[in-house]
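This report walks through a protein structure, from its cavities to a few individual residues. Please keep the sequence and the model at hand while reading.

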Amino acid sequence: VTDDEAMFIRSSVTEVLITMALSVTIVVATIWMFTGSLRATLIPSFTIPIALVGTIGAIWLFGFSINILTLLALVLATGLVVDDAIVVLENIQRQRIEGLRARAAAVVGTRQVFFAVVATTVVLISVFVPISFLPSTAGRLFREFGIVLASAVIISSFVALSIVPAAAARLIRDRRQSDVPSGIARFGSRAARAYETSLGAVLDRPWTTVGIALAFAASAAFAYQTLDRELIPPEDRGVLRVLATGPDGVGINYMERQTESVESVLAPLVESGEAQALYTQIGLWDPNRTFISMRLADWDDRERSQQEIAASLMGPLNEIPGARVFVWGSNSLNLRGRSSGISVALLGNDYDEIFDAAKAFSAAIEAELPELTRPRISFDPTQPQLSVDIDRRSAADLGVDLASLSATLRAMIDGDELVDLNVEDEAVPILLESASGDINDPSDLVNLYVRARDGALVPLSSIVTLSEEGVATELNREAQRRAIEIDIQRPDSYPLQSAVDDLRALASTTLPENVSLLFLGEAGALEETSYEVAVTFAIALIVIFLVLCAQFEGFMSATVVTLIVPFGLAAAVFALLLTGTSLNVYSQIGLLLLIGLIAKNSVLLVEFADQLRDRGAAVRQAVADGAARRLRPIMMTLVSTVLGSLPLILASGAGAEARSSIGWVIFGGLILAAVFTLYLTPVLYLLLAPLSKGRLAETKQLEEELGDAALDIAPQSGGA
């Protein structure tokens, strides 16, 4: 771990701990506001430290590290781990208010919601665990995040079904008074009555509600196309890197002079305090390259972001003659590369042909894509090279052996390694070198003599010809084909997906048929991840449906819950659009989490409606009463999760970009998705439930058929 990374890790961990503390405070305050009792607030609050400590143990058990993804999982788990405890506690409180004594209320209240807690837990686990085993980039990104959150949910559900009832039996008192201000209590009562009234109106016009929801989803599909898409949002990691490249063939002395010019541009930042230090390496990869790492001041000690500082440096650095200078910042996945925001490779069969296509493609980029600037072709055939062409016929006529000729050239130019001498278990190479010194001039080569087979000395000039030519310093390959890379500068305001689409469209009209385009680095990972994330969401929906079918022992209730999920994702799309948040890895993680949360809240409503229906209630009455009875626990879990994500939105400092992307999805997405959970779920239940029998009716029919089967079998057995 470098000093720059260590600084970022320390700062980001500190920021995450502060965010987590704020989230815990907000969640506890939310629970107190809904329960109306300080004693009742303590019960689910104990779930938070127990679940978080257990989750840290799971991180150690699975061999994960404390990184940005596991830290984000811990922050989000803060709002999730209390959900099951809230559901159990709320139902126990309801039983106490209805007259049951403490222990009876704890047992009956827990039994009533046992299935709902187990079902919601299994739903969340079924979302996170399968995607954790996806291959390539998407799987690596979601693996630690998903398993950590799944571990937190498992621990919290166990605590909710064991410790919470035991504590509630001793701490929950039978009283209707509330510790919260009367104004908040009156607002809650009025909101509940308003919901029941509005739900009745919605249930009277179910197809109108479905039509409005479909129109909303269609508009979200259109809005999705307008979202900025990138792999990772611009991150301020507190360090900038500068790469200066001189012409091929220049030496260290030349690059030292260019480096002084670059450092003169960077030095004022150190003097002003915006940067702490410069670390310069000349000739790191090649003699014509200089690499500079500039550590910025702490996030709280500077006014400008890393991106703003980099933008201010590009102008002066571009004016330095004799070197191409790039400045960039790394990201949390280290996919951006060494020189620019986007890298591509042109693939073909011949380097000269690819080079011609690369020059034409670069010119087209500068002419037609003004947002993309300074395309740099990695293939530069200007490295001076001296070629020795041997006249084999003349050498044969003069009796010169080619092996002797090559040995002479090796010895005179770079030394010829003959054998290794072992001295005290150490291999010492024995080299044959020129006694007169190294060859410093091409004319020195032609003045050499080589011995012929008859012992005569033959001048080298009589059998070789020297020629100077320019060649590329390196020949690259990508996807097992000859390739030439092009690095292009991209401003942070220009979305990566837009750049990829524009470059692909330009390549289709500019490149010849035998030259193809391949995206590298962050752009390549974006293409790969976009497909894999789409597959991930499809897998999550399928797994949710199958798990719910098994939990509900039927298709109807599982279909209702699964159909709500796409509408919730549509709400999240509008949340991203309204807040200007791009669709990136972190916001996609938030969308994945949102799938589980939406399904979880819908399960609470549908499961209780099924219970009422099993008791003989009509479908309309069951869904209306179920929604009214489950409004309070749904709103408690919803508000605690939404407000618990608020510190993520307000985050600053190291790693704030990732936390903000997830925070906006959870905060905005859940607020908008709550409308679908509270209104569309009852409507879909009202429309689909009559198509199937209730669980109680199905059970009775099964018992009757088994009884008939037993009667049919008994006479046959007696006759035998």
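How many cavities of 30 Å³ or more does a search of the whole structure find? The search finds four of them, and it should be kept in mind throughout that the structure is a predicted model.

## Overall make-up

The protein chain has 720 residues, of which 50% are buried, and it contains 22 helices and 15 strands. When contacts between residues at least 6 apart in sequence are considered, 79% of them join residues at least 24 apart.

## The largest cavity

Of the four cavities of 30 Å³ or more, the largest has a volume of about 60 Å³. Its lining is formed by Val75, Leu76, Gly79 and Leu80, together with Leu593, Thr641, Gly644, Ser645, Leu648 and Ile666. Sorted by class, this lining has six nonpolar and four polar residues, with no charged residues.

Two helices, H3 (68-80) and H19 (619-644), each supply at least two residues of the lining of the largest cavity. Helix H3 gives the most to that lining, with four residues.

Ile26 has its place in helix H1, which covers residues 3-35. With a relative accessible area of 23%, Ile26 is partly exposed, since the partly exposed class begins where the buried class, under 20%, ends. Leaving aside neighbours within four places in sequence, Ile26 is in contact with Leu643, Gly644 and Pro647, and one of these, Gly644, is also among the residues that line the largest cavity. Although Ile26 and Pro647 are 621 residues apart along the chain, their C-alpha atoms are separated by 9.1 Å.

Asn601 belongs to helix H18, which runs over residues 585-614. Its relative accessible area is 7%, and Asn601 is therefore buried. Once neighbours within four places in sequence are set aside, the contacts of Asn601 are with Ile634, Thr637, Leu638 and Thr677.

## How H15 and H16 pack

Two packed helices are described by the angle between their axes and the distance between the axes. Helix H15 (residues 496-510) and helix H16 (residues 521-552) pack at an angle of about 95°, and their axes are 10 Å apart. Because angles of 65 to 115 degrees count as roughly perpendicular, H15 and H16 are described as roughly perpendicular to each other.

On the H15 side, the contact is made by Leu496, Gln497, Val500 and Arg504, which meet Glu522, Ala523, Leu526, Glu527 and Ser530 on the H16 side. By class, the contact of H15 with H16 comprises four nonpolar, two polar and three charged residues.

## Residues in strands

Is Ala345, at 0% relative accessibility, buried or exposed? Ala345 counts as buried, because its relative accessibility is 0% and the buried class takes in values under 20%. This residue is found in strand S5, which spans residues 342-348. Not counting residues up to four places away in sequence, Ala345 touches Glu478, Ala483, Ile484, Glu485, Ser516, Leu517, Leu518 and Leu520.

Tyr279, found in strand S2 (residues 275-282), is exposed, with a relative accessible area of 51%; the exposed class takes in values over 50%. Leaving aside neighbours within four places in sequence, Tyr279 is in contact with Phe291, Ile292 and Ser293. The C-alpha atoms of Tyr279 and Met294, which are 15 residues apart along the chain, are separated by 6.4 Å. Glu469, for its part, lies in strand S12 (residues 464-471) and is partly exposed, with a relative accessible area of 39%. Between Glu469 and Pro384 the C-alpha to C-alpha distance is 5.8 Å, although the two residues are 85 residues apart in sequence.

Notes. Residues are numbered from 1 along each chain as its sequence is written. This is a predicted model: local features need pLDDT of at least 70, side-chain atom pairs count only at pLDDT 80 or more; totals for chains, interfaces and linings use all residues. Side-chain values use heavy atoms; hydrogens and water are left out. On a 1 Å grid over the protein atoms alone, a cavity is a set of points where a 1.4 Å probe fits but cannot get out, and a pocket is an open set with protein on both sides within 12 Å along at least five of seven lines; lining residues have an atom within 4 Å of a point. Grid points are joined across faces, edges and corners, and a volume is the space filled by probe spheres set on the points. Ala, Val, Leu, Ile, Met, Phe, Trp, Tyr, Cys and Pro count as nonpolar, Asp, Glu, Lys and Arg as charged, and the others, Gly among them, as polar. Axes are lines fitted to C-alpha atoms, for helices over the stretch in contact, and angles run from 0 to 180 degrees between N-to-C directions. Angles under 35 degrees count as roughly parallel, over 145 as roughly antiparallel, 65 to 115 as roughly perpendicular and the rest as oblique. Contact means heavy atoms within 4.5 Å. Buried means under 20% relative accessible area, exposed over 50%, partly exposed in between (1.4 Å probe, protein chains only).
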